[in-house]
Amino acid sequence: YYTTHLPVTPGAVATIGALQMGILYLLMPPVFFLLSRYPITRRVSAPLGILINAVSIIASAFVSSVAGLMATQGALYAAGCCLIFCPVSLAMDEWFEARKGFAYGIMWAGKSFTGVVMPFFFDGVLHRFGLRPTLIAWAIASTLMLAPTLFFLEPRVPIQQRHGAPPSLAFLKYPSFWMIQVGIIVQALGYLMPTTYLASYATDIGLPSITGPILLALFSMSSVPGGIIHGIVGDKVSATKVILLSSLGSALPIFLFWG
């Protein structure tokens with residue numbers, strides 16, 4: 001929508017999503033550390049994140065430059081998402097043990113299912129009502145949907161019973177940690193490229209505008225059973241086997257079909 005209604009290129013628009021995901025992931029380690037070191041901050045993290053998300057989406061409705069979109073939908077929105085995701089992830093880790101992989105799989109499947117529906121929803125609403133009403137309505141709707149879930153976001157161990165000891169850094173001494181970390185860094189260099197550039201790639205090769213949402217929806221649709229299956233398998237076999245299965249399943253299509 002931006003490439004057809006604003007004087008920007010598909011590549012420039014793609015940087016908004018790349019910045020959003022980059023800041024989201026880079027903020028996670030310090031936010032996780034803060035929430036673990038000072039457990040009382042968990043009470044305000046998610047509500048603050050919801051507020052920042054709403055402000056960032058509404059603000060993005062009133063900007064028309066790539067720089068403004070990068071600041072609002074990119075940086076600010078990523079900070080809000082991080083403040084929401086981190087306490088949710090910590091709560092998931094506390095409440096589930098034997099079937100933790102299955103629980104995480106359901107959570108990621110829910111995210112992917114949303115990704116199936118929302119591209120078509122936004123495509124239709126944008127073309128009918130325009131950019132500004134759509135973004136303002138989405139800011140209000142997402143806030144109303146997220147706010148009630150805060151009542152269920154409780155840690156397994158009450159916050160008042162925690163001592164807030166600093167997280168242990170003993171894992172830095174283990175070679176296995178650094179081996180996994182190197183693998184994560186290498187994988188992260190290309191992990192977000194397909195989803196980030198899929199829609200703009202479809203536009204570049206002359207496909208209709210609806211193709212982008214369709215491709216993103218198909219990508220998310222496959223992730224619904226994929227996330228649940230990987231979670232179930234992860235509860236039953238070693239993590240290395242799950243990583244190998246996931247890596248091969250992701251890498252082969254890229255090499256064979258991306259071009």
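Contact here means heavy atoms within 4.5 Å. This is a predicted model, where local features need pLDDT of at least 70, side-chain atom pairs count only at pLDDT 80 or more, and totals for chains, interfaces and linings use all residues. Residues are numbered from 1 along each chain as its sequence is written, and side-chain values use heavy atoms, with hydrogens and water left out.

**View A. Helix 3 packs against helix 6.** Ile50, Ala54, Ile57, Ile58 and Ser60 are the helix 3 side of this meeting, and Leu135, Trp138, Ala139, Ser142, Thr143 and Leu146 are the helix 6 side. Helices (H or I, at least four residues) are DSSP runs, numbered from the N terminus. The angle between helix 3 (residues 42-60) and helix 6 (residues 131-146) is about 170°, and their axes sit 8 Å apart. That makes the two helices roughly antiparallel, a label for angles over 145 degrees. Axes are lines fitted to C-alpha atoms over the stretch in contact, and angles run from 0 to 180 degrees between N-to-C directions.

**View B. Asn53 sits in helix 3.** With a relative accessible area of 7%, Asn53 is buried. Buried means under 20% relative accessible area, exposed over 50%, and partly exposed in between (1.4 Å probe, protein chains only). Leaving aside neighbours within four places in sequence, Asn53 touches Tyr77, Gly80, Cys81 and Ile84.

**View C. Glu94 and Arg42 pair up in a salt bridge.** The N to O distance is 3.1 Å; a salt bridge is a side-chain nitrogen of Lys or Arg within 4 Å of a carboxyl oxygen of Asp or Glu. Glu94 lies in helix 4 (residues 66-95) and Arg42 in helix 3, so the pair ties together parts that are 52 residues apart in sequence. Both ends are buried: Glu94 has 18% relative accessibility, and Arg42 has 11%.

**View D. Asp93 and Lys100 form another salt bridge.** The structure holds two of these, and here the N to O distance is 2.8 Å. Asp93 is partly exposed at 40%, and Lys100 is partly exposed at 24%.

**View E. A nonpolar patch lies on the surface.** Leu244, Leu248, Leu252, Phe255, Leu256 and Phe257 make it up, with about 760 Å² of accessible area together. Patches take residues with over 30% relative accessible area and no salt bridge, joining nonpolar side chains (Val, Leu, Ile, Met, Phe, Trp, Tyr) within 5 Å and like charges within 9 Å. Areas come from the Shrake-Rupley method with a 1.4 Å probe, and for residues only the protein chains shown count as cover. Leu256 belongs to helix 10 (residues 239-257) and is exposed, at 63% relative accessibility.

Key. Parallel < 35°, antiparallel > 145°, perpendicular 65-115°, else oblique.
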